[in-house]
Amino acid sequence: MENSEGVKIESTVVTEEPLISALDIALFAVIITVAYFWYFKRDKQSSSSEKKPYTIQPSSLSSIEQTSNSSFIKKLKSTGRSLVVFYGSQTGTAEEFAGRIAKEGARYKMKGMVADPEECDMADLVEMKEIQKSLAIFCIATHGEGDPTDNAMDFYEWLQNGDADLEGLNYAVFGLGNKTYEHYNEIAIYIDQRLEELGATRVHEIGLGDDDANIEDDFVSWKEKLWESVCSHYGIEETGEESNIRQYKLVDCSEVLPERIFSGEISRLKSYENQRFSFDVKNPYLSKIAVNRELHKSGDRSCMHIEFDIDGSKMRYDTGDHVAVYPKNSSELVDKIGELLNADLDAVFSLLNTDEESSKKHPFPCPCTYRTALTYYLDITSNPRTHIMKELIEYASDPKDQEKLKLMASSTPEGKKEFHEWILRDNRNIVHILEDLPSVKPDLDHLCELLPRLQCRYYSISSSPKVYPKSIHITAVLVNYTTPTNRVNKGVATNLLAQLIPTNDELPQPTIPIYIRRSQFRLPPKGQTPIIMIGPGTGLAPFRGFIQERDYARKEGREIGEMVLYFGCRKKDEDFIYENELQEYVANGTLTKLHLAFSRDQPEKKYVTHLLEQNADELWNIIGEKSGHLYVCGDARSMAKDVHSIIVKVVMEKGQMTNSQALNYVKKMEQQKRYSADVWS
């Protein structure tokens with residue numbers, strides 16, 4: 001276009017031209033070139049579209065004649081199965097639960113398969129009625145502010161926008177949530193209700209698992225009643241056969257070439273050596289640690305300020321986003337497992353799915369060494385669930401160890417009590433179990449199959465891209481605690497980060513895989529809108545980014561709204577993080593007010609919630625009279641709930657409303673994104 005426009009401008013000053021001018025020749029060449037590329041590009045797209053798996057849109061649910069690799073119905077029919085268990089999983093727990101249900105189906109003469117809705121054409125649900133005694137079960141997690149998991153997003157939107165006739169579909173739903181969050185199990189509840197609206201038959205009532213309490217207990221209790229309902233609905237009986245069939249089989253890979261062996265990559269082989277944009281959950285960026293400094297001034301606790309270098313990565317983030325950090329287990333724990341099981345951790349192996357129809361061929365990247373699997377891919381520090389206890393029974397040579405495992409694997413009141421006390425209360429991980437039950441010697445490949453995947457850890461970004469476009473900052477407390485058995489448990493990610501100290505420029509800098517997760521925790525669109533930020537401890541992290549962003553705007557000469565920060569910690573001289581920065585923002589006018597609560601600097605403990613109650617007029621002035629925004633970051637279990645109660649009380653008193661009106665007012669604030677929370681339990 002630019003060249004042809006330039007030629008046209010030139011032609012306006014030419015008075016005489018030959019019959020076929022240079023302009024004509026140039027234009028003809030351009031037309032031929034464009035036509036050539038347009039034709040072959042269209043042909044290429046047409047060809048590639050023929051190869052692309054057919055997917056059906058919600059608006060055309062009747063067009064289901066075409067099948068593809070995404071057709072779970074085709075797989076069910078070709079393998080004689082009648083049970084499909086879908087999972088919506090962000091951390092792997094829902095996927096684990098789905099696998100356990102599918103495995104147990106054999107006890108009820110229902111051969112099952114596990115399916116990822118992201119890899120399936122969910123419009124095929126309308127064909128489930130063609131399979132005799134068929135059942136679809138959904139293990140669905142809710143995360144964030146009532147959001148579906150990434151892999152269930154398309155299915156969720158399909159249900160919202162579509163109008164499929166699901167008559168003849170038999171289903172059941174189990175939700176995974178956390179009661180400390182406002183939108184508890186919202187996605188599972190919606191899916192359960194929506195399937196019924198579309199004509200499906202609920203075989204068993206929805207189960208709601210609470211991760212803040214004991215989600216394992218919730219799941220096991222629901223699952224037992226589920227099978228009772230299934231037997232009643234289909235007129236079948238339990239076979240009584242316990243199924244401990246392995247899902248994966250061991251493959252010896254000792255002859256595999258070194259360049260074909262995974263060494264900790266999340267998905268693509270050699271991805272850390274050959275980085276490719278864009279970076280996400282399956283393709284993290286190997287970032288250098290640019291800064292790692294201590295924020296606490298004294299005391300026996302540690303809080304780290306860490307800066308990840310993203311220069312040259314093309315990664316972009318917004319203030320309020322999260323950064324995901326991929327940790328690795330300590331070599332001490334990994335070596336301990338090898339020692340306890342007398343195993344060669346450097347042997348190369350692979351686990352191959354025995355179900356040839358499954359889209360998941362391996363439980364983690366294979367082939368790799370046992371050391372790599374235990375270091376990068378498997379969670380060896382969390383409390384194992386009851387199904388692992390059950391699988392370990394056959395490996396116990398001591399009858400006492402066998403009985404203890406059988407009891408903890410059972411659903412009896414005594415069994416649940418023992419599991420709660422010995423595993424959860426005493427905080428035992430798989431290493432502790434193998435230490436305390438010395439006759440239990442599982443095959444290492446089977447243990448690798450049983451253990452859940454090691455998950456990335458999310459941190460609120462404590463910087464603004466306006467000020468720090470080439471780095472991402474986080475604020476992280478080092479996690480170390482002593483268990484009732486006098487063992488020291490260490491946080492996987494924070495203890496790794498604590499070791500990654502940058503050196504001088506001559507030596508290679510420490511690195512760690514990261515990616516950015518988008519958030520809805522955002523500053524108001526208008527910079528003049530007043531805001532209140534409530535963030536005790538490391539809850540300050542995202543607000544540091546908020547303040548930086550508005551300080552940047554102020555220095556550019558733009559008008560900014562009031563910024564009020566409530567911050568609290570134990571002692572001013574011990575853990576008042578970013579003190580100098582905050583005082584400087586107060587001095588230059590960016591931070592309008594800084595309310596501080598040091599809980600242990602006086603006889604009676606003082607928290608930010610006390611300050612909020614004292615400043616009711618200021619609160620109402622900003623959120624009521626000036627329609628400002630309010631943000632909360634930190635502990636969901638107590639602090640965030642207390643703040644919510646105080647805000648409702650302030651709205652009642654200062655806004656002269658009834659309790660019901662005040663609740664509706666706060667609810668409307670949340671819907672308008674004027675009341676936002678970034679909290680954790």
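These are my notebook entries on a predicted model of a single chain.

**Entry: the whole chain**

I started with the overall picture. The chain has 681 residues, and 50% of them count as buried. I looked up the secondary structure next and found 22 helices and 23 strands. For the surface, I got an accessible area of about 33,700 Å², with 49% of that belonging to carbon and sulfur atoms. Then I checked how far apart in sequence the contacting residues sit. Taking contacts with a separation of 6 or more, 74% are between residues 24 or more positions apart.

**Entry: helices α11 and α12**

At what angle do α11 and α12 pack? I read off about 105°, with the axes 6 Å apart. Helix α11 covers residues 399-409 and helix α12 covers residues 413-425. An angle from 65 to 115 degrees counts as roughly perpendicular, so α11 and α12 are roughly perpendicular to each other. I noted who makes the contact: Lys404, Leu407 and Met408 come from α11, while α12 brings Glu414, Gly415, Glu418, Phe419, Trp422 and Ile423. Sorted by class, the contact of α11 with α12 has 5 nonpolar residues, 1 polar and 3 charged.

**Entry: helices α20 and α21**

I moved on to another helix pair further along the chain. Helix α20 is residues 616-625 and helix α21 is residues 639-654. Their axes come within 10 Å and cross at roughly 85°. That angle falls in the 65 to 115 range, and therefore α20 and α21 are roughly perpendicular to each other. Which residues meet here? On the α20 side I listed Ala616, Asp617, Leu619, Trp620 and Ile623. On the α21 side I listed Ile647, Val650, Val651 and Lys654. By class, I wrote down 7 nonpolar and 2 charged residues for the contact of α20 with α21, and no polar ones.

**Entry: the annotated binding site**

I looked in UniProt, where the entry is unreviewed, for anything marked "binding site". The record lists Arg301, Thr538, Ser599, Arg600, Lys605, Lys606, Tyr607, Val608, Thr609 and Asp642. I picked two of these to look at in the model.

Ser599 came up in the loop between β21 (593-598) and α19 (608-614). Is Ser599 buried or exposed? Its relative accessible area is 6%, and buried means under 20%, so Ser599 is buried. Leaving out residues up to four places away in sequence, Ser599 touches Cys569, Arg570, Glu604, Lys605, Lys606 and Tyr607.

With a relative accessible area of 46%, Lys605 is partly exposed. Again leaving out residues up to four places away, I found that Lys605 touches Ser599, Arg600 and His610.

**Entry: Asp573**

I found Asp573 in helix α17, which runs over residues 572-575. Asp573 is exposed, at 59% relative accessible area. How far apart are Asp573 and His296? In sequence they are 277 residues apart, and in space 8.6 Å, C-alpha to C-alpha. Setting aside neighbours within four places in sequence, I found Asp573 in contact with Lys297 and Ser298.

I finished with the backbone angles. Most peptide bonds are trans, and most residues other than glycine have a negative phi. I went looking for exceptions.

Two cis bonds went into the notebook. One runs from Phe277 to Ser278, with omega near 10°. I placed Ser278 in the loop between β8 (248-252) and β9 (285-294). Another cis bond joins Cys366 and Pro367, where omega is about 0°. Pro367 sits in the loop between β12 (348-353) and β13 (368-369).

Then I noted two asparagines with positive phi. For Asn342, phi is near 50°. Asn342 belongs to the loop between α8 (331-340) and β12, and at 73% relative accessibility it counts as exposed. For Asn486, phi is about 65°. I found Asn486 in the loop between β16 (480-482) and β17 (488-490). Asn486 is exposed too, with a relative accessible area of 68%.

Key
Residues numbered from 1 in each chain as written. Predicted model: local features only at pLDDT ≥ 70, side-chain atom pairs only at ≥ 80, totals over all residues. Heavy atoms only, no water. Axes fitted to C-alpha atoms, helices over the stretch in contact; angles between N-to-C directions. Helix = DSSP H or I, 4+ residues; strand = E, 2+ residues; numbered from the N terminus. Parallel < 35°, antiparallel > 145°, perpendicular 65-115°, else oblique. Contact = heavy atoms within 4.5 Å. Nonpolar A, V, L, I, M, F, W, Y, C, P; charged D, E, K, R; others polar. UniProt positions renumbered as here; feature names shortened; annotations may be inferred. Buried < 20%, exposed > 50% of the residue type's maximum accessible area, 1.4 Å probe, protein only. Areas by Shrake-Rupley, 256 points an atom, 1.4 Å probe, with all protein chains shown as cover.
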